[in-house]
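Here are my notes for someone opening this model for the first time. They begin with one loop and then widen to the whole chain.

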Amino acid sequence: MLDLFRRPRRELAPGVVHVPGWLDETEQHALVEAARGWAAEGPGARRAELPNGGRMTVSAVCLGWHWIPYRYSATRDDQDGSPVTPFPDWLAELGARAVADAYQDPDVGYRPDVALVNFYRGDARLGMHADREELAPDPVVSLSLGAGCVFRVGNTENRGWPYTDLQLESGDLVVFGRENRLVHHGVPRLLPDLPVPPIGTADGERINLTLRVSGLNGREAR
Ligand SMILES: O=C(O)CCC(=O)C(=O)O
Ligand SMILES: [Fe+2]
């Protein structure tokens with residue numbers, strides 16, 4: 001169906017692009033299935049412990065490199081020490097297509113090797129932060145599935161004002177890179193009352209994947 005009322009692609013700041021409804025329902029469903037598989041593998045998803053002793057409210061599993069606040073490792077050092085789940089080729093190809101579409105540049109080369117797969121329920125939220133553990137300057141690709149949320153895009157200087165709040169829905173793509181690669185961002189709350197297509201998420205559940213280029217090139221992280 002010709003979707004005349006689709007929310008338009010929007011560049012929020014240089015290098016920060018929101019593409020609503022980028023994934024179709026079939027692709028969303030496949031990603032939810034894949035996320036369930038990764039979350040069930042080995043020690044599974046976990047709420048990572050923060051340096052202050054608290055735990056994140058978001059539960060996550062990593063692909064390619066294991067992210068622990070705030071470093072990468074080849075092994076799940078905060079779990080059973082097993083090797084991290086490999087990053088699949090098909091996901092790298094999806095990431096390349098995402099960046100090409102968001103930046104409207106078919107020749108943009110993008111080869112992600114890390115994914116953080118985040119599971120949100122209820123009051124789960126993500127405080128303002130910048131993704132700065134990567135050594136490469138390439139953009140971050142964010143794919144949203146299931147329940148909607150408020151996504152806060154701030155500035156590169158600090159975690160506060162100025163910022164813009166946007167609504168992310170199932171299937172939405174956000175890419176942030178270029179001069180805003182280190183922009184602060186976060187998820188202050190879910191929007192569980194928005195309609196969600198039947199893609200296999202539970203009531204009120206949101207799944208988000210961020211794809212990144214680690215720049216670690218097979219080297220052991222710090
Ligand atoms: O859940 C989101 O939309 C953002 C996730 C995020 O910023 C991260 O994993 O670093
Ligand atoms: Fe992030």
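1. Start at Arg178. This residue is found in the loop between strand E11 and strand E12, the latter covering residues 185-191. The model is predicted. Arg178 is not a glycine, yet its phi is positive, about 55°. Most residues other than glycine have a negative phi.

2. Gln104 is another backbone point to check. Its phi is positive as well, about 50°, and Gln104 is not a glycine. Look for Gln104 in the loop between helix H2 and strand E6. Gln104 has 10 other C-beta atoms within 10 Å, so it is exposed. The cut-off for that label is 12 or fewer.

3. Now the peptide bonds. Most peptide bonds are trans. Where does the chain depart from this? The bond from Pro69 to Tyr70 is cis, with omega near 0°. Tyr70 sits in the loop between strand E4 (66-68) and strand E5 (71-73). Trp161 and Pro162 are also joined by a cis peptide bond, with omega about 0°. Pro162 lies in the loop that links strand E9 (148-153) and strand E10 (164-168). I would look at both loops on screen.

4. How much should a reader trust the coordinates? The pLDDT of the chain averages 95, and 95% of the residues score at least 70. The model scores are ipTM 0.99 and pTM 0.96. Where pLDDT is low, the predicted coordinates should not be read in detail.

5. Overall form comes next. The chain has two helices and 13 strands. Its C-alpha atoms fill a box of roughly 50 × 35 × 35 Å along the principal axes. Among contacts with a separation of 6 or more, 75% are between residues 24 or more positions apart.

6. What is the strand order of the open sheet of seven strands? The order is E1-E2-E11-E8-E13-E6-E3, and the pairing is antiparallel. Strand E1 (10-13) and strand E3 (59-63) are the edges, each pairing on one side only. From one strand to the next, the twist averages 20°. Helix H2, residues 89-102, packs on this sheet. H2 touches E2 (16-19), E6 (114-120), E8, E11 (173-176) and E13. The direction of H2 makes about 80° with that of E11.

7. The pairs can be followed one by one. Strands of a sheet pair through backbone hydrogen bonds. E1 and E2 are antiparallel and share three bridges. Glu11 stands opposite Val17 in E2. E1 and E2 make a hairpin with two residues between them, and Gly15 in the turn has a positive phi of about 85°. E2 then pairs with E11, again antiparallel, over four bridges. There, Val19 stands opposite Leu173 in E11.

8. Further into the strand order is the E8 and E13 pair. How many bridges join E8 to E13? Six bridges join E8, residues 140-146, to E13, residues 206-212, and the two strands run antiparallel. Ser144 faces Asn208 of E13.

9. One more loop deserves a look. Gly42 is found between helix H1 (25-40) and E3. With 13 C-beta neighbours inside 10 Å, Gly42 counts as partly exposed. Gly42 touches Asp80 and Ser82, leaving aside residues up to four places away in sequence. His29 is 13 residues from Gly42 along the chain, and their C-alpha atoms are separated by 22 Å.

10. Last, the annotation. An unreviewed UniProt entry lists residues 111-215 as "domain: Fe2OG dioxygenase". Over residues 111-215, the chain is 0% helix and 45% strand. The end C-alpha atoms of residues 111-215 are 10 Å apart.

Technical notes
Residues numbered from 1 in each chain as written. Chains lettered and ligands numbered in written order. Predicted model: local features only at pLDDT ≥ 70, side-chain atom pairs only at ≥ 80, totals over all residues. UniProt positions renumbered as here; feature names shortened; annotations may be inferred. Contact = placed C-beta atoms within 7 Å. pLDDT = per-residue confidence, 0-100. Pairing = 2+ DSSP bridges. Axes fitted to C-alpha atoms, helices over the stretch in contact; angles between N-to-C directions. Buried ≥ 20, exposed ≤ 12 C-beta atoms within 10 Å, placed from the backbone.
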